[in-house]
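Open the model in your viewer and keep the sequence beside it. This tour tells you what to select next and what is there.

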Amino acid sequence: MTVSPTPRTDWTRAEIAAIFDRPFLDLVTEAQDIHRRWHAPNEVQLSTLLSIKTGGCAEDCGYCSQSAFAKSGIKAEKLMNVDAVLSAAAEAKAAGSGRFCMGAAWREPKERDMDALCTMVAGVKAMGLETCMTLGMLTRDQSERLAAAGLDYYNHNLDTSPEHYGEIITTRTYQERLDTLENVRASGMSVCCGGIVGMGETREDRVGFLHALATLPAHPESVPINALVPVKGTARGDSMLAGAHAKIDDLEFVRTVAVARILMPRSMVRLSAGRESMSESTQALCFLAGANSIFTGDKLLTTGNAGAGADAILFEKLGLRAMTSEEPARVAAE
């Protein structure tokens, strides 16, 4: 496949399905070839994710332990103190992270919290870290305020295909997610947008999910690919634990990463939730397939993560290093 200077946003589902169906070794080889045309080889972006407001979210996302609808035992907490967030950011930078992500379990931020959120962003930005937040839906005004404070990225996932979405969430529409992405783009911030696989979807749904991402007006600069972490007390977690649907096959997960890399060549593709249960070999295949971003540390919001020590060992084995080069999608936008 020839890579054009400007990534395509006119992919069809039939084209994406055909890419998914390629022989595995051919698919991964092409994904790695495309990856090296756009990104520095053997570099992986290290990010840290902190839950700045945990539990009690009004959304009914079937995968989320922080939903008020879940019976996960997680209690609603208040927004963290600004100083505590900045202290955590300083620790993340000292541990080698280049991006600090802050997540709040909200349907959307309330106006009374905006000043504190903007202060957090400005403080983290002043440390020389890239800043990212995920706070639920945003209005145009909220997007502009966060951008003015120095927020580099806003995360708002599409989660799954439009057809499968209603099986996962009923309290927020797909279009509302797209509207938030439009507000973020209009403010000048970069977009972090991906989803979760292994929620009982079909291959066709994975095609539809990546089609939705790859045909946005501009590709997300960052694309997190998560594997469902089955938390007891959540709808999707209980479904998997009861055997109603299976954990996604490791090679199918690698295929999904490879297709994402081919469709969105300039984007950072993040190997995200679910990594803590993956073998070193599966993670290595994901990096080979074009993943070049991870969350490091012991926790992702409320679920476990591989930890910085395990990551250092894996990086040593694979000859990987923390990313120092510029992100292609952001450079292109400047």
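Start with helix α1. Its buried residues pack against α2, α7 and α9. Contact here means heavy atoms within 4.5 Å. Helices (H or I, at least four residues) and strands (E, at least two) are DSSP runs, numbered from the N terminus.

A word on the model before you go on. It is predicted, so local features need pLDDT of at least 70 and side-chain atom pairs count only at pLDDT 80 or more, while totals for chains, interfaces and linings use all residues. Residues are numbered from 1 along each chain as its sequence is written, and side-chain values use heavy atoms, with hydrogens and water left out.

**Stop 1: α1 and the segment before it**

Select residues 13-20, which form α1. Which of its residues are buried? They are I16, I19 and F20. Buried means under 20% relative accessible area, exposed over 50%, and partly exposed in between (1.4 Å probe, protein chains only). These residues cover an arc of only 100° around the axis, so they sit on the same side of α1. The arc is that of the directions from the helix axis to the C-beta atoms. An α-helix has 3.6 residues a turn, so residues three or four places apart point the same way.

Now step back to T12, in the segment before α1. T12 is partly exposed, at 36% relative accessible area.

**Stop 2: L210 in α7**

Go to L210, in helix α7 (residues 203-214). Is L210 buried or exposed? L210 is buried, because its relative accessibility is 0%. Show its neighbours. Not counting residues up to four places away in sequence, L210 touches I16, F20, I225, T256, V259, A260, L263 and M264. F295 is 85 residues from L210 along the chain, and their C-alpha atoms are separated by 21 Å.

**Stop 3: α9 against α10**

Select α9 (residues 250-263) and α10 (residues 280-288). Their axes come within 8 Å and cross at roughly 20°. That makes α9 roughly parallel to α10. Axes are lines fitted to C-alpha atoms, for helices over the stretch in contact, and angles run from 0 to 180 degrees between N-to-C directions. Angles under 35 degrees count as roughly parallel, over 145 as roughly antiparallel, 65 to 115 as roughly perpendicular and the rest as oblique.

The crossing of α9 and α10 is right-handed. A crossing is right-handed if the near helix is turned clockwise from the far one by less than a right angle, and left-handed if anticlockwise.

Which residues meet? From α9 come D250, L251, F253, V254 and V257; from α10 come T282, L285 and C286. By class, this contact of α9 with α10 has six nonpolar, one polar and one charged residues. Ala, Val, Leu, Ile, Met, Phe, Trp, Tyr, Cys and Pro count as nonpolar, Asp, Glu, Lys and Arg as charged, and the others, Gly among them, as polar.

**Stop 4: α5 and its partners**

Move to α5 (residues 140-149), where Q142, S143, L146 and A149 are buried. Seen down the axis of α5, these buried residues fall within an arc of 125°, so they line one face of the helix. They pack against α4 (111-126), β3 (130-134) and α6 (174-187).

Keep α4 and α5 on screen. They pack at about 25°, with axes 8 Å apart. That makes α4 roughly parallel to α5. Their crossing is right-handed. On the α4 side, the contact is made by E111, M114, D115, L117, C118, V121 and A122; α5 supplies Q142, R145, L146 and A149. These residues divide into seven nonpolar, one polar and three charged. Just after α5, find G150, with a positive phi of about 110°.

**Stop 5: C101 in β2**

Select C101, in strand β2 (residues 99-104). C101 is buried, with a relative accessible area of 3%. Leaving aside neighbours within four places in sequence, C101 is in contact with S47, T48, L49, L50, C132 and F295.

**Last stop: two loops**

N42 lies in the loop between α2 (24-38) and β1 (43-53). Its phi is near 65°, a positive value in a residue other than glycine. D159 is in the loop between β4 (153-155) and α6. Its phi is also positive, about 75°, although D159 is not a glycine. Which is buried? D159 is, at 1% relative accessible area, while N42 is partly exposed at 34%.
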